[in-house]
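Me: Please take a close look at one part of this model and describe how that part sits among the rest. I would like one connected account, with the cut-offs for any terms you use.

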Amino acid sequence: MLGLMQDRPLLISQLIEHAALNHADTEIVSRSVEGPIHRYTYKDCAARCRKLANALTKLGTQQGDVIGTLAWNGYRHLELYFGVAAMGAVCHTVNPRLFPEQIIYIINHAEDKFFFTDLTFVPLLEAVADKLSTVKQFIIMTDRAHMPETKLANVLCYEELLDAENDSYQWPLFDENTASSLCYTSGTTGNPKGVLFSHRSTMLHSYCVCMPDALGLSAMDTMLPVVPMFHANAWGIPYAAAMCGTKLVMPGARMDGEAIYELMETEKVNLSAGVPTVWMMLLSYVKENKKKFTYMRYTIIGGSAAARSMIETFKYDYNVEVLHAWGMTETSPLGTSCRPKKKHENLSDEEKVTLSLKQGRAVFGVEMKIVDGNGKDLPWDGKQFGNLLVRGPWIASGYFKGAGGQAVDEDNWFDTGDVSTIDPDGYMQITDRSKDVIKSGGEWISSIDVENEAIGCPGVAEAAVIAVPHPKWDERPLVLAVKEAGSNVTKEQVIEHLSKTLAKWQLPDDVVFVDELPHTATGKLLKNKLRDAYKDYKLPT
Ligand code: ADP
């Protein structure tokens with residue numbers, strides 16, 4: 001027997017129209033690329049989304065067309081997020097930090113029909129434009145006064161386009177499984193792979209993001225997403241914010257510590273989200289300038305593991321709690337979040353920090369398991385680690401146009417490429433990427449464990465741990481470390497520090513100090529590059 005409930009499709013148009021009606025005067029504040037702070041409301045935003053849909057219709061946009069963007073976190077990008085998807089087209093966010101060849105590949109592979117760009121990225125597009133085979137028109141996201149001289153052909157001005165339209169538009173109803181946005185993973189090897197989200201997956205993910213034990217957004221919050229809208233949909237925060245009426249503060253092109261801190265204070269931001277690299281910059285700014293946070297309550301860290309020292313600095317020096325979360329582009333991205341349970345209430349502060357080092361419990365909607373090298377399930381004992389598999393309604397079932405191979409097995413399990421433990425309470429902890437674990441004489445050493453401890457050594461600013469070939473043990477760990485400015489920290493001091501927490505066989509064979517470490521487009525350590533550079537490195541033993 002079927003239930004007698006209405007079969008209304010879950011569509012992104014409902015998000016922005018809901019916010020326009022129920023949070024009409026809630027603000028969206030952006031640091032504009034042109035310079036000044038721009039502020040308007042969800043009601044204004046929705047009106048401009050409708051104007052955009054009218055403009056795109058006139059330009060000839062059909063349902064299913066892919067519309068590209070190269071843009072920072074700002075109000076115009078937000079209008080594209082909502083407007084493009086709501087009319088039934090696909091909003092394709094391109095990551096400007098990728099190499100030009102990857103950007104060309106991605107735009108052609110996605111077959112972007114119209115392309116919207118912030119002023120910042122006009123030179124980047126000019127350099128690749130003659131290799132883009134599908135783009136009919138470029139739209140520069142600024143007003144007439146700021147339109148640049150450009151070599152790009154077929155250029156339009158965003159504000160002129162919107163000015164010519166009225167703000168009534170009837171959003172179409174269609175199947176909730178229709179594609180809504182497209183995002184390519186940076187892919188450290190091979191071509192980037194396209195992850196194609198649907199209205200349904202985005203809406204279900206948004207409900208989840210708002211849950212108190214997930215990211216916990218509400219109409220009481222002011223959220224500053226530092227995580228870029230060109231990376232994994234800014235962790236779904238723009239959609240979730242519209243769902244619950246959260247005030248949004250968008251940092252635009254300025255991600256430096258000073259600019260982020262200033263916005264946090266002037267806009268009374270209590271909640272933020274970003275990768276550890278961003279927080280390193282912010283913390284070093286506030287430390288050097290002896291600042292305090294007046295309103296910040298908690299910050300969400302994901303994308304890479306949050307180190308104990310960072311969690312402790314936020315907590316003890318600045319009274320800001322860290323919420324550790326895990327996910328990937330293929331998981332929309334929220335998979336787990338590390339909220340305590342009632343039974344953890346009386347833990348000591350130190351024990352609470354230890355718990356928050358874990359990546360967290362699966363949010364409802366994401367099933368999770370760990371398996372050994374033969375695909376056999378491993379127990380949730382918090383000790384044994386294996387390949388982490390997930391499935392659920394906001395997990396990718398395949399890659400765009402099949403490029404990138406099979407994404408899931410016959411039971412729909414998606415192999416994340418992460419290696420982790422899961423404890424009896426369901427808390428997952430990443431021990432490594434499967435390709436980064438150090439295989440030393442039959443034992444596995446987690447490169448991340450050693451890195452996190454090394455970063456805690458006074459005088460060390462950043463560290464990467466890689467496997468170096470070893471005649472007897474197959475592989476042994478090597479630490480590559482960047483010193484803090486003015487520090488004289490030595491190899492012996494780093495090893496001495498590590499030996500407080502690591503077993504003897506897990507200690508690195510050597511520590512090499514370098515001026516800087518290579519990062520991926522998304523701020524993660526580029527370990528394959530380091531492995532290449534040090535593949536012939538002679539360990540002292
Ligand atoms: P990319 O484009 O770099 O692949 P993703 O955001 O999709 O970007 O990367 C996902 C990967 O990032 C995960 O598979 C995991 O290895 C890593 N990751 C994400 N969150 C965390 C975290 N909290 N701790 C450790 N690693 C994380």
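Reply: Met-368 is buried, at 8% relative accessible area (buried means under 20%, exposed over 50% and partly exposed in between, with a 1.4 Å probe and protein chains only). The model is a predicted one, in which local features need pLDDT of at least 70 and side-chain atom pairs count only at pLDDT 80 or more, while totals for chains, interfaces and linings use all residues. Residues are numbered from 1 along each chain as its sequence is written, and side-chain values use heavy atoms, with hydrogens and water left out.

Met-368 belongs to strand E17, residues 367-371 (helices, H or I, of at least four residues and strands, E, of at least two are DSSP runs numbered from the N terminus). Setting aside neighbours within four places in sequence, Met-368 is in contact with Thr-336, Ala-362, Trp-380, Leu-388, Leu-389, Val-390, Trp-413, Ile-422, Gly-426 and Met-428 (contact means heavy atoms within 4.5 Å). From Met-368 to Glu-267, 101 residues apart in sequence, the C-alpha to C-alpha distance is 38 Å. Leu-388, one of the residues touched by Met-368, is separated by 39 Å, C-alpha to C-alpha, from Thr-294, and the two are 94 residues apart along the chain. Thr-294 sits in the loop between H10 and strand E13 (298-301) and, with 54% relative accessibility, counts as exposed.

Strand E14 covers residues 321-327, and Pro-333 is in the loop that joins E14 to E15. The peptide bond from Ser-332 to Pro-333 is cis, with omega near 10°. Ser-332 is in the loop between E14 and E15 as well, and its phi is positive, about 80°, although Ser-332 is not a glycine. Most residues other than glycine have a negative phi, and most peptide bonds are trans. Ser-332 counts as buried, at 6% relative accessibility.

Strand E15 (334-337) is also among the elements that cover the buried residues of H7, together with helix H1 (12-22), helix H3 (75-86), strand E8 (179-185), strand E9 (193-198) and H8. Nine of the 12 residues of H7 are buried, so H7 is largely enclosed by the rest of the structure. Those buried in H7 are His-199, Ser-201, Thr-202, Met-203, His-205, Ser-206, Cys-208, Val-209 and Cys-210. From its first C-alpha to its last, H7 reaches 17 Å, close to the 16 Å expected at 1.5 Å a residue (the expected span is 1.5 Å times one less than the number of residues).

H7 (residues 199-210) and H8 (residues 237-244) have axes that come within 9 Å and cross at roughly 70° (axes are lines fitted to C-alpha atoms, for helices over the stretch in contact, and angles run from 0 to 180 degrees between N-to-C directions). That makes H7 roughly perpendicular to H8 (65 to 115 degrees; under 35 is roughly parallel, over 145 roughly antiparallel and the rest oblique). H7 contributes Thr-202, Met-203, Ser-206, Tyr-207, Val-209 and Cys-210 to the contact, and H8 contributes Tyr-239, Ala-240, Met-243 and Cys-244. By class, the contact has eight nonpolar, two polar and no charged residues (Ala, Val, Leu, Ile, Met, Phe, Trp, Tyr, Cys and Pro count as nonpolar, Asp, Glu, Lys and Arg as charged, and the others, Gly among them, as polar).

Helix H9 (residues 257-266) is mostly covered too, with seven of its 10 residues buried. These are Gly-257, Ala-259, Ile-260, Tyr-261, Leu-263, Met-264 and Glu-265. Their cover includes strands E1 (27-31), E2 (37-41), E10 (222-225), E11 (247-250) and E12 (271-274), and helix H10 (276-288). Lys-268 lies in the loop between H9 and E12, and its phi is near 55°, a positive value in a residue other than glycine.

Helix H10 also holds Met-280, which is partly exposed at 31% relative accessible area. Leaving out residues up to four places away in sequence, Met-280 touches Met-310, Ala-461 and Glu-462.
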